[in-house]
Amino acid sequence: MDTSRLLRTTGTVIAAAGLLLSGCTSGGSGEPGAAAASLPSAPPSPDAAALRPYYAQKLTWRDCGVPGFQCSTMKAPLDYANPGSGQDVDIAVSRRTATGPGKRLGSLVVNPGGPGGSGIGYLQAYAGIGYPAAVRAQYDMVSFDPRGVERSSPVECLSGPAMDKYTQVDQTPDDAAERAELVAAFKEFARACEAKSGRVLPHVSTVDAARDMDLLRGVLGDQKLHYVGASYGTLLGATYADLFPDRVGRLVLDGAMDPARPALELNRDQTEGFETAFTSFAKDCAKQPDCPLGKGDPDAVAARLKEFFRKLDAQPVASGDPDRPLGEALATTGVIAALYDESAWPQLREALSSAMNGDGSGLLSLADSYYEREADGKYANLMFANAAVNCLDQPAAFTGPEAVDTALPSFEKASPVFGAGLAWAALNCTYWPVKATGKAKELTAKGAAPIVVVGTTRDPATPYKWAQALAGQLESGRLLTYDGDGHTAYGRGSECIDTAINRYLLEGKAPQDGKKC
């Protein structure tokens with residue numbers, strides 16, 4: 001199985017792609033740094049003199065080097081609070097024009113999540129060729145790399161070798177020395193981001209990206225935004241709807257986040273989500289003849305995995321890369337990566353079995369797919385952009401290590417296997433050099449057309465209760481439920497889900513609120 005493709009094309013580039021780095025939307029204030037300019041609460045009008053040239057720009061489309069797709073670059077103001085400053089960011093855009101036959105319905109903008117996931121990569125590898133033919137026939141399939149991501153004025157931080165070391169730092173510190181090492185790693189990560197990307201760091205929030213998305217809508221010539229956002233893409237879409245409710249077309253928010261949950265609660269909820277996903281895996285594993293964690297109930301299976309992690313903490317195993325033996329941190333990342341999609345469970349069983357017999361290469365491969373590390377040792381900027389957006393969107397989950405100590409029991413209750421590591425991971429944004437500009441708040445999108453919010457009952461990364469919450473906050477929210485496993489629901493095998501969403505996208509008929517599949 002090509003795990004990299006799995007994680008990048010099924011909506012699993014994730015609600016908190018940097019969970020093991022920064023937690024889910026964990027934000028940050030931490031040490032003083034270059035403060036971001038505060039943004040106005042009301043969106044600037046496209047008719048405002050300073051913004052008019054941006055909305056009036058014409059995109060020049062060119063061949064992307066990927067058959068069927070075109071690419072372009074859109075200019076956006078670096079700082080929407082001061083759009084006349086003359087400082088811009090480049091926003092990379094790609095499209096595949098409607099294939100026909102049938103009436104063209106406009107552009108359908110898609111986003112895979114993250115924050116930090118490449119929309120262009122997602123479009124060209126999956127959405128532009130894998131969405132239902134009827135949808136692709138009537139819509140121009142469009143995406144963009146949000147500001148700070150990959151092709152769009154990307155946030156840069158650590159080099160490949162430095163990132164290799166960072167991903168191996170023990171995230172379940174056992175003593176003062178290990179705690180100090182973890183804090184030092186978070187501080188060094190933040191310093192590197194500031195040194196290499198200080199210009200853009202204050203301006204990569206979800207609000208900024210949502211304003212860019214309206215700019216893209218205008219430049220594409222669409223009166224309304226039609227949009228499918230997965231995972232973190234649901235927060236981006238809901239933020240857009242709240243800023244521009246009168247410009248909402250057909251919005252699908254799949255694998256929804258809850259914008260009203262503060263960072264600490266989001267991290268703890270997501271920890272519960274991974275425990276739920278692991279329980280499903282454990283039940284299935286115990287039935288399989290090749291289950292390396294043995295038989296018994298999920299608690300027994302979990303205890304064996306936790307014991308295996310403890311052994312790796314004390315003594316890593318060979319992975320095929322002498323500079324990156326499989327220790328607890330990388331092994332945990334590999335397991336979590338596979339929990340995003342139940343189709344990866346057989347690969348996870350095989351990787352765990354090999355690791356328990358001294359070969360950690362399988363789990364290392366899963367971890368590499370999660371971090372978007374290429375075979376040559378280079379990393380995509382997913383984790384850098386992830387931290388930059390998360391740390392701007394909300395104040396930090398924790399004020400320091402002592403606050404983590406206080407919260408540890410609740411995280412370990414949420415997940416005996418993953419709780420401690422995910423609690424310590426959320427300390428990252430405490431040391432971020434830019435003060436958070438956002439905060440947890442309900443998004444209502446008052447006056448918007450019906451918005452479809454999709455939740456999966458055993459979603460590991462975006463727990464089902466988040467979808468319930470978002471659908472309840474949005475004045476026009478319609479909750480569509482998938483009773484199943486895995487992260488996100490559209491295009492993952494449920495005919496019931498796909499039919500409901502396709503009908504909405506093609507005919508404008510939103511499913512009844514509360515529909516279950």
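**View A. Helix 13 against helix 14.** In this predicted model, helix 13 (residues 345-356) packs on helix 14 (residues 361-371) at about 130°, and their axes sit 7 Å apart. Those axes are lines fitted to C-alpha atoms over the stretch in contact, with angles running from 0 to 180 degrees between N-to-C directions. The pair therefore counts as oblique (under 35 degrees is roughly parallel, over 145 roughly antiparallel, 65 to 115 roughly perpendicular, and the rest oblique). Helices here are DSSP runs of H or I with at least four residues, strands are E runs of at least two, and both are numbered from the N terminus. Helix 13 brings Gln347, Leu348, Ala351, Leu352 and Ala355 to the contact, and helix 14 brings Gly362, Leu363 and Leu366; contact means heavy atoms within 4.5 Å. By class, that's six nonpolar, two polar and no charged residues (Ala, Val, Leu, Ile, Met, Phe, Trp, Tyr, Cys and Pro are nonpolar; Asp, Glu, Lys and Arg are charged; the others, Gly among them, are polar).

**View B. Helix 13 against helix 10.** Helix 10 (residues 263-287) packs on helix 13 at about 75°, with axes 11 Å apart, which makes the two roughly perpendicular. From helix 10, Ala277, Ser280, Phe281, Asp284 and Cys285 meet Trp345, Leu348, Arg349 and Leu352 of helix 13. Sorted by class, this contact has six nonpolar, one polar and two charged residues.

**View C. Helix 9, tucked inside.** Buried means under 20% relative accessible area, exposed means over 50%, and partly exposed is in between (1.4 Å probe, protein chains only). Among the buried ones are Tyr232, Thr234, Leu236, Tyr240 and Leu243.

**View D. Two cis peptide bonds.** Gly100 and Pro101 are joined by a cis peptide bond, with omega about 0°; Pro101 is in the loop between strand 3 (88-96) and strand 4 (106-111). The bond from Gly114 to Pro115 is cis too, with omega near -5°, and Pro115 belongs to the loop between strand 4 and helix 4 (119-130).

**View E. Ala445, a non-glycine with positive phi.** Ala445 has a phi of about 50° and is found in the loop between helix 17 (419-425) and strand 8 (451-458). At 0% relative accessibility, Ala445 counts as buried.

**Notes for the views.** Numbering starts from 1 along each chain as its sequence is written, and side-chain values use heavy atoms, leaving out hydrogens and water. Local features need pLDDT of at least 70 and side-chain atom pairs 80 or more, while totals for chains, interfaces and linings use all residues.
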